[in-house]
Amino acid sequence: MTTVLKLGGSVVTDKDEPETVDRAALTDAADAIAEANGDLVVVHGGGSFGHPSAAAHGVTDAAGTHDAAGIREIHDAMGELNAAVVGALQDRDVPALPVRPLSVAYRDDGGGTAFPSEPVATMLAERFVPVAHGDVVAQRGAGATILSGDEIVTLLAERLDADRVGVCSTVPGVLDGDGEVIDRIDDFEAVASALGESEATDVTGGMAAKIRALLELETPASVFGPAQLRTFLSGGRPGTLVARDSTP
Ligand SMILES: Nc1ncnc2c1ncn2[C@@H]1O[C@H](COP(=O)(O)OP(=O)(O)OP(=O)(O)O)[C@@H](O)[C@H]1O
Ligand SMILES: C=C(C)CCOP(=O)(O)O
């Protein structure tokens, strides 16, 4: 059983304070992951590390830069957060290892992304827990652009033929216009009017971009909040199920 789990940057950082880890939330998430069984790939987002730094350099998932110092700054900020996540997991005896996208992933001039999955698959085969993150990556014709953790989740889930996909964000699921959790989404347009951007600085499009990415997947994905992480990791389906067909 292979599970790909995204830990939202908004969960593991304080999105209102620049480059600040939310230690309590990260500890809770690491405790839940330490109890999980099966092959697990963790991907985390940018939160108050990647997003402000990308915004400061005018870089998004569509707008690139050739400023090498700026690219390094974004990558370093994400490296710092990645070290905190890997460290919290290793502190709980989870055999976590960092996976840094800038060194392996790239985009073509149409924005198509390649993320070689062999290093991740080999880590899994050796019983490690790979921990990748949203990052800045080279893009042909554009310098470098932002690759979101959500897109990495979909790319790795496909390449690794994942059985389960979970996206843990600060919200208990995707909310409708009345603030109620939507049980299931199989069509973007049906929910588009309720989907917005993130409330914090976010260069990759918040919930709307997340749902678009997850609807590309063959494997159904769950979107849920931190309080439901254990439920998801023990086989439950909390929050919103994003599934483009009738697969359960
Ligand atoms: N209909 C909606 N339902 C739920 N959340 C929504 C909705 N519309 C907009 N949002 C916003 O989307 C945010 C989640 O997207 P965001 O990209 O910030 O999360 P994340 O993946 O946890 O963080 P990061 O992008 O840093 O990894 C929520 O915190 C909320 O502010
Ligand atoms: C902003 C950077 C560098 C990463 C974005 O990843 P996301 O938070 O998953 O959208």
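Strand E9 (residues 164-168) and strand E11 (residues 221-224) run parallel and are joined by four bridges; strands here are DSSP runs of at least two residues (E), helices are runs of at least four (H or I), and both are numbered from the N terminus. Two strands count as paired if DSSP finds at least two bridges between them. Within this pair, valine 165 stands opposite alanine 221 of E11.

The model is predicted: local features need pLDDT of at least 70 and side-chain atom pairs count only at pLDDT 80 or more, while totals for chains, interfaces and linings use all residues. Residues are numbered from 1 along each chain as its sequence is written, and chains are lettered from A and ligands numbered from 1 in the order in which they are written.

E9 and E11 belong to an open sheet of eight strands with mixed pairing, in the order E3-E6-E2-E1-E9-E11-E12-E10. At the edges stand strand E3 (96-99) and strand E10 (184-185); each has a single partner strand, so one side of each is left without a neighbour in the sheet. Helix H4 packs on this sheet, where H4 touches strand E2 (39-44), E3 and strand E6 (129-133). The direction of H4 makes about 155° with that of E6. Such angles run from 0 to 180 degrees between N-to-C directions, with axes fitted as lines to C-alpha atoms, for helices over the stretch in contact. Contact means that the C-beta atoms of two residues, placed from the backbone, lie within 7 Å. Another helix, H8 (residues 206-215), lies across E9, E10, E11 and strand E12 (240-242), and H8 runs at about 50° to E12.

Strand E1 pairs with E2 in the parallel sense over six bridges, and five bridges join E1 to E9, again running parallel. Leucine 5 has valine 42 of E2 as its bridge partner, whereas lysine 6 stands opposite valine 167 in E9. E1 is mostly covered, with five of its six residues buried. A residue is buried if 20 or more other C-beta atoms lie within 10 Å of its own, exposed if 12 or fewer, and partly exposed in between, again with C-beta atoms placed from the backbone.

Lysine 6 sits in E1, which covers residues 2-7. Why does lysine 6 count as buried? Because 30 other C-beta atoms lie within 10 Å. Setting aside residues up to four places away in sequence, lysine 6 touches Val43, Gly45, Gly149, Asp150, Val153, Val167 and Cys168.

Lysine 6 is also one of the positions in a UniProt "binding site" annotation from an unreviewed entry, which covers Lys6, Leu7, Gly8, Gly9, Ser10, Gly46, Gly47, Gly206 and Lys210. These positions span 205 residues in sequence, yet no two of their C-alpha atoms are more than 14.4 Å apart, so they gather at one spot. UniProt positions follow the numbering used here, feature names are shortened, and annotations may be inferred rather than shown by experiment. Glycine 47 lies in helix H3 and counts as buried because it has 32 C-beta neighbours inside 10 Å. Beyond four places in sequence, glycine 47 touches Gly9, Ser10, Val12, Thr13, Lys15 and Leu81.

Ligand 1 has 23 residues around it, and Gly8, Gly9, Gly45, Gly196 and Ser198 come nearest. A residue belongs to such a shell if its C-beta atom, placed from the backbone, lies within 6 Å of the molecule. Helix H1 (9-12) and H8 are the elements that give two or more residues to this shell. By type, the shell around ligand 1 divides into seven nonpolar, 13 polar and three charged residues. Here Ala, Val, Leu, Ile, Met, Phe, Trp, Tyr, Cys and Pro count as nonpolar, Asp, Glu, Lys and Arg as charged, and the others, Gly among them, as polar.

Ligand 2 is surrounded by 17 residues, of which Gly45, Gly46, Gly50, Gly134 and Gly149 are the closest. Two or more residues each come from helix H3 (47-56), helix H4 (68-91), strand E7 (135-139) and helix H6 (149-159). H3 gives the most, with three residues.

UniProt also places "binding site" (unreviewed entry) at His51 and Gly149. Histidine 51 lies in H3 and touches Gly46, Thr201, Asp202 and Val203, not counting residues up to four places away in sequence.
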